[in-house]
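Please read this briefing alongside the sequence and the structure shown below. Its points are grouped by topic.

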Amino acid sequence: MADVAVVGFAQAPNVRATHGTTNGVEMLVPIFQEVLAGTGLSTSDIGFWCSGSSDYLAGRAFSFIAAVDAIGAFPPINESHVEMDAAWALYEAWVKIRTGEVDTALVYGFGKSSAGDLRRTLALQLDPYTTAPLWPDSVSIAGLQARLGLDSGAWTEEDMAAVAARSLASAGPGAQRSGKVEVADLLAEPYVADPLRKHDCAPITDGAAVVVLAGADRARELHERPAWITGLEHRLESGSLGARDLLRSPSTTAAARAAGTDGVELAELHAPFTHQEIVLRRAIGLGDDVEINPSGGPLCGNPMFAAGLARIGEAASRVMSGAAERVLAHATSGPALQQNLVCVMEGRS
Amino acid sequence: MLPQNREHVSLQFVTGLSEPLSAPLEVGFDYTRSLGPVHSRFATELSRRRIVGVRGSDGRVHVPPIEYDPDTAAPLDEFVPVGSQGTVVSWSWMPEPLEGQPLQHPFAWALVLLDGADTPVLHAVDVGSPEDIRTGMRVQVRWAEQRGGGIRDIACFEPATGTPAAPDEAEPEPVTMITAPVHLHYQHSASPEESRYLRGLAEGRLLGQRCPQCGKVYIPPRGACPTDGVPTEEEVELPDTGTVTTFCIVNVPFLGQRITPPYVSAYVLLDGADIAFLHLVLGCDAADVRMGMRVRAQWKPREEWGYTLQNIDHFRPTGEPDAPFESYAQHL
């Protein structure tokens with residue numbers, strides 16, 4: 001089957017609220033133009049389009065259909081959509097290229113979280129019979145997971161604050177949050193949902209991201225140093241929160257083992273809460289020498305349904321620029337790291 | 001230059017344009033859920049103040065019961081009674097409860113391991129402050145007065161005080177269905193292009209926009225031309241006359257219908273536009289409406305105008321000769 005590589009990446013600025021519509025067109029048009037200009041492709045060159053977004057975030061049925069306007073979808077295009085983070089749309093596109101059906105794909109994700117009440121909306125990811133009727137919000141559930149680790153000694157509040165401080169210090173220019181902060185100062189802040197402080201939680205973010213994939217021959221034409229995907233796997237855990245081992249992330253471990261993570265130099269981890277980055281590092285088995293989230297990661301901007309795809313794009317960019325040889329990207333979906341995807345990429349001379 | 005703090009970037013500041021229109025959007029539905037044998041058993045037992053779990057393939061007792069084993073996917077049906085008291089396994093503090101949550105004053109969310117269970121249940125614990133709860137604390141169910149609603153039969157948990165309340169001995173009616181209301185609140189924003197169109201309508205004007213690449217005129221204008229994927233830019237004011245491209249006669253009554261059938265829903269292509277929109281054609285017998293018929297907008301009285309195409313009550317025939325088929329053949 002065909003090798004597949006990332007050959008382009010762009011993302012919209014991560015902001016707390018845009019004036020744009022929930023169909024994402026205003027965020028998508030500029031980044032489509034950016035990524036197409038960067039690869040030298042035109043819309044008619046793209047073999048397959050795949051997106052990730054959510055009607056619940058938009059408050060509109062079939063909201064992703066309007067986003068197709070941003071493509072210029074005439075003559076008709078080969079298109080698909082997942083109601084998940086667009087990292088899973090990338091998985092679908094990767095399969096499409098692997099099977100030889102197409103040789104290029106453009107994957108995009110977008111979300112306008114500011115339109116509704118994100119903490120409540122995410123409650124609808126939970127079991128609809130025994131959990132969602134209580135409306136447990138996403139931050140409270142993360143808090144339950146965080147305390148399990150604090151009580152058991154698996155991590156401390158200092159460990160969590162250190163994740164936030166490192167992330168904020170390395171945030172890139174399009175980040176929503178950034179800055180140099182001391183762990184001690186972070187720990188002096190009040191709880192927003194004991195045991196979580198503001199710095200432990202990803203901000204609510206509007207944003208969008210786009211990645212271009214290509215099969216072996218096209219990839220070499222489109223980029224002098226493509227980021228070749230050597231492993232792409234995803235796994236999920238039970239929908240019953242109580243039945244899961246929340247201290248570890250068995251689905252991440254299984255995906256990472258199947259993908260093959262030996263020799264990765266850096267990892268972009270989709271951890272919307274500080275303690276979840278600690279869970280993920282251990283689940284994948286990343287050593288202290290592996291650089292984590294050089295982009296700043298989701299704690300500096302977490303556009304729903306795009307942030308996982310952006311992790312893949314950020315990690316791939318560092319291969320494409322020649323800054324790294326072998327990298328890992330992770331995406332998550334669902335409550336408390338229920339579903340996890342691991343993508344390993346490398347440069348080739 | 002963008003301001004340093006990107007949290008609230010004003011569009012007016014960046015582009016000099018007026019802010020897009022926005023309005024509250026309420027989305028709500030009362031989902032009725034058939035429970036199936038496992039959830040039905042759980043809900044039926046709750047209705048008489050009993051709690052059952054189900055034994056998994058590995059012997060663990062799951063509460064709430066689950067239909068299939070998380071490891072082996074085997075269907076599960078061995079129900080096991082568990083206690084109504086238990087131990088807090090983890091908790092987080094909810095200082096400002098959200099709509100729909102079990103308590104509307106500050107409370108703790110907790111994972112509670114009920115006596116006899118092996119997996120914890122997520123629910124609320126009614127304590128006054130975070131100082132009043134800790135991992136390992138004993139808690140008990142506070143039952144809802146009205147039961148038969150599944151997990152909400154447990155109003156919340158509270159610190160354990162001694163003997164749990166006795167279950168009802170009467171044989172209950174089986175609970176086979178629950179109602180789960182979902183109500184979400186949004187602030188819906190129109191795009192800048194839609195906002196200019198809607199503001200035009202409020203002044204009795206019909207404003208479209210032309211695609212800079214293919215030259216087509218869209219009304220309503222769009223953030224991107226669906227053919228070329230580029231924003232439409234040039235504003236085009238259109239007349240309130242047009243042509244019926246296609247139509248249907250509505251004969252079926254439905255909830256919320258404002259006009260007595262039969263009446264005509266038609267696609268109207270305004271003169272100078274390249275896309276038709278759906279509106280009503282009234283003012284003649286439904287049977288007389290035809291493709292190519294020339295129509296004009298019948299505006300409501302000016303004092304009723306708002307930011308809506310409903311400012312046009314309907315379209316009515318102008319009496320002109322029909323437009324030739326070729327003039328709208330590309331717009332069907």
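In this predicted model, a salt bridge joins the side chains of B:Glu99 and A:Arg120, with a distance of 3.9 Å from N to O. The count of salt bridges between chain B and chain A is 1, and this pairing belongs to an interface in which 68 residues of chain B are in contact with 60 residues of chain A.

**Between the chains**

- When chain B and chain A are put together, they bury about 4900 Å² between them, and carbon and sulfur atoms account for 60% of that area.

**The two domains of chain A**

- Chain A is divided into domain 1, which takes in residues 4-117 and 204-227, and domain 2, which takes in residues 119-203 and 229-347.
- The C-alpha centres of these two domains of chain A are 22 Å apart, and 45 residues of domain 1 are in contact with 42 residues of domain 2.
- About 3300 Å² is buried between domain 1 and domain 2 of chain A, with carbon and sulfur atoms giving 65% of it.
- On the domain 1 side of chain A, the residues that lose the most area to domain 2 are A:Trp88, A:Asp117 and A:Arg225, which together make up 22% of what that side buries.
- A:Arg225 also forms a salt bridge with A:Glu325, in which the closest N and O atoms are 3.3 Å apart, and the count of salt bridges between the two domains of chain A is 1.

- A:Val6 lies in strand β1 of chain A, which covers residues 4-11, and A:Val6 counts as buried because its relative accessibility is 0%, where the cut-off for buried is under 20%.
- Although A:Val6 and A:Val211 are 205 residues apart in sequence, their C-alpha atoms are 7.0 Å apart in space.
- Leaving aside residues up to four places away in sequence, A:Val6 touches a set of residues that includes A:Val211, A:Val212, A:Leu213, A:Pro226 and A:Ala227, as well as A:Ile229, A:Ile312, A:Ala316, A:Met320 and A:Met345.

**A nonpolar surface patch on chain B**

- B:Met291, B:Phe325 and B:Leu332 make a nonpolar surface patch of about 300 Å².
- Within chain B, B:Met291 is placed in the loop between β16 (277-281) and β17 (294-299).
- B:Met291 counts as partly exposed because its relative accessibility is 37%, a value that falls between the cut-offs of 20% and 50%.

Notes: Residues are numbered from 1 along each chain as its sequence is written. Chains are lettered from A and ligands numbered from 1 in the order in which they are written. This is a predicted model: local features need pLDDT of at least 70, side-chain atom pairs count only at pLDDT 80 or more; totals for chains, interfaces and linings use all residues. Side-chain values use heavy atoms; hydrogens and water are left out. Patches are made of residues with over 30% relative accessible area and no salt bridge: like charges are joined within 9 Å, nonpolar side chains (Val, Leu, Ile, Met, Phe, Trp, Tyr) within 5 Å. Accessible areas come from the Shrake-Rupley method with a 1.4 Å probe; for residues, only the protein chains shown count as cover. A salt bridge is a side-chain nitrogen of Lys or Arg within 4 Å of a carboxyl oxygen of Asp or Glu. Helices (H or I, at least four residues) and strands (E, at least two) are DSSP runs, numbered from the N terminus. Buried means under 20% relative accessible area, exposed over 50%, partly exposed in between (1.4 Å probe, protein chains only). Domain bounds come from an automatic or database domain assignment. Contact means heavy atoms within 4.5 Å. Buried area is the accessible area (1.4 Å probe) that two parts lose on being put together, summed over both.
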